[in-house]
Amino acid sequence: MLTTILWFLLAIGILVTFHEFGHFYIARRCGVKVLRFSVGFGKPLFTKVGKTGTEYVFAAIPLGGYVKMLDEREGNVAPEEVHMSFTRKSVWQRIAIISAGPIANFILAIAFYFAFAMLGTKGVVPVIGDVAPGSLAEQAQIESGFEIVSIDNKKVSTWNEVFDKLASRIGDTGTINVGLKDFSSQTTNSDLSTVKRIPIEQWLGNDDRPDILGELGLSPSEPETDWILSTVVDGSAAQSAGLQIGDELVSANGQSLVSWREWVNFVRANPGSPIDVMINRDGQSTSILLTPEAIEENGELIGRVGLSASLRWPEAMIREINYSLLESIQYGFTRTYDQVLVILSFFKKILLLDVSIKNMGGTFTIAQVAGDSAAAGLTYYISFLAFFSVSLGVFNLLPIPVLDGGHIMFYLIEAVKGSPLPERIQMIGYQVGLLAVVSLMVVVHYNDLIRILS
């Protein structure tokens, strides 16, 4: 948990600092005096006054930040400094200053995606394992052993990319086009691929924990299992039965073990029922009675034993993805643009009730994703930072008063009508916007709490 919190705070620190620096830099370029540049809220832990009089602050609560500019609406301004007030700048300069924060987030995302591409990554080839009987995939005549090469005519090379493309279709009604190629064929000729069409209707829109592949009836192909235990959880049913790290699983109730998925499903289907497990330990065969602990999951009792074995992918199933310098630059821009469209589409689906607001997560969800991505490796954490930066930029540009987008909306109205909106109307707008944002924060953190408790 501590590691997760640290990775989350690092992400917030980087993204907020860059966002606020965007406001700060353009404000200075437009001749506005910046009184304070603060990273974090609350009690200042570090303060330094710059040559231009700007107070640089690092505060105790690192969950945001702000740039305070000279503003006649907030107090008296000395006559000799009036020309440096934010309110005295042209409407287009004010729009530029407010827009600079979200734009800085988009620039940072481009840089992160560029770094992700330059570092290169590895992924598992998206080969289909099982196809559930009667599922959407079976109805579309999708078969086991085929590699997914495209989703909706967009090329995919790994399971991560498949999940990414499918996730963007949550809440949609229409057709998912899945491009397939026989993985046993070593040719790369795209003419040998075929496209299967899966009809969907408000797909997974009401699920707070959407099972993307499971809903289609697909399972990934499995890694090879050596059946030698690499983990036995303290206090688990496996430890109570006497299983040890290094034991080799051989059979369960007299049946040879074939795949790890089958073993997991077998354990889950037998809560509280003893399983006769045959193991090899130091060259000796031993029979152990293992009784899975009965736990509740989504209102259903399942079995859990608390052990894991070493899994490894065959070399042919691991795909390296590398980009040249020019390809990495292009990837940075196109990936950022695509994510902007995906996030805007998600907000649209929320407003149209095509997607449940239960799909949204708050601070705890973001922190968990930050910790998980950091644990997976540097490239995954960089990818998380890029997506988080895009999300922050898009959210701040929403036309909601109190957000950057709300300020820009008021200034655009001012530019059209030639004068600012009445102060009373602006104040009402800010109050409504604050209520909307606070309500959203309550909802997403309630969703987090429900996930934690369940």
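**A close look**

Guide: Ser236 touches Val305 and Gly306, leaving aside residues up to four places away in sequence. Contact here means heavy atoms within 4.5 Å. This is a predicted model, in which local features need pLDDT of at least 70 and side-chain atom pairs count only at pLDDT 80 or more, while totals for chains, interfaces and linings use all residues. Residues are numbered from 1 along each chain as its sequence is written, and side-chain values use heavy atoms, with hydrogens and water left out.

Back to the serine. Ser236 sits in the loop between strand S10 (224-232) and helix H6 (237-240). Helices (H or I, at least four residues) and strands (E, at least two) are DSSP runs, numbered from the N terminus. Is Ser236 buried or exposed? Ser236 counts as buried, because its relative accessibility is 7%. The cut-offs are these: buried is under 20% relative accessible area, exposed is over 50%, and partly exposed is in between (1.4 Å probe, protein chains only). The side chain of Ser236 also reaches the backbone oxygen of Val305, at 3.3 Å. A polar contact is a pair of N or O atoms within 3.5 Å; within protein, one must be able to donate a hydrogen and the other to accept it, and residues adjacent in sequence count only if both atoms are side-chain atoms.

Asp226 lies in S10. Arg312 forms a salt bridge with Asp226, with the closest N and O atoms 4.0 Å apart. This pair links distant parts of the chain: Arg312 is in strand S17 (residues 307-312) and Asp226 in strand S10, 86 residues apart. A salt bridge is a side-chain nitrogen of Lys or Arg within 4 Å of a carboxyl oxygen of Asp or Glu. Side chains of opposite charge can pair when their charged atoms come close. Arg312 is partly exposed at 45% relative accessible area. Asp226 is partly exposed too, at 23%.

Arg304 forms a salt bridge with Glu293, and the closest N and O atoms are 3.6 Å apart. Here the pair links strand S16 (residues 300-304), which holds Arg304, with strand S15 (residues 293-297), which holds Glu293, 11 residues apart. Arg304 is partly exposed at 44%. Glu293 is partly exposed at 38%.

By this rule the chain has 16 salt bridges. One of them joins the side chains of Arg88 and Glu72, at 2.8 Å from N to O. Both residues lie in the loop between strand S2 (55-69) and helix H2 (91-119), so the pair ties together parts that are 16 residues apart in sequence. Arg88 is exposed at 52%, whereas Glu72 is partly exposed at 31%. Elsewhere, Asp152, Arg169, Asp172 and Lys349 are linked in a network of salt bridges.

In helix H4 (residues 159-167), the buried residues are Trp159, Val162 and Leu166. They cover an arc of only 55° around the axis, which puts them on the same side of H4. The arc is that of the directions from the helix axis to the C-beta atoms. The cover over these buried residues includes strand S3 (121-124), strand S5 (146-151), strand S7 (174-182) and helix H5 (212-216). Then there is Gln426, in helix H12 (residues 423-453). Gln426 is buried at 11% relative accessible area. Gln426 touches Phe410, Pro420 and Leu421, again not counting residues up to four places away in sequence.

Last, the chain as a whole. The chain holds 12 helices and 18 strands. Its C-alpha trace spans about 90 × 55 × 40 Å along the principal axes. Of its 454 residues, 42% are buried. Among contacts with a separation of 6 or more, 65% are between residues 24 or more positions apart.
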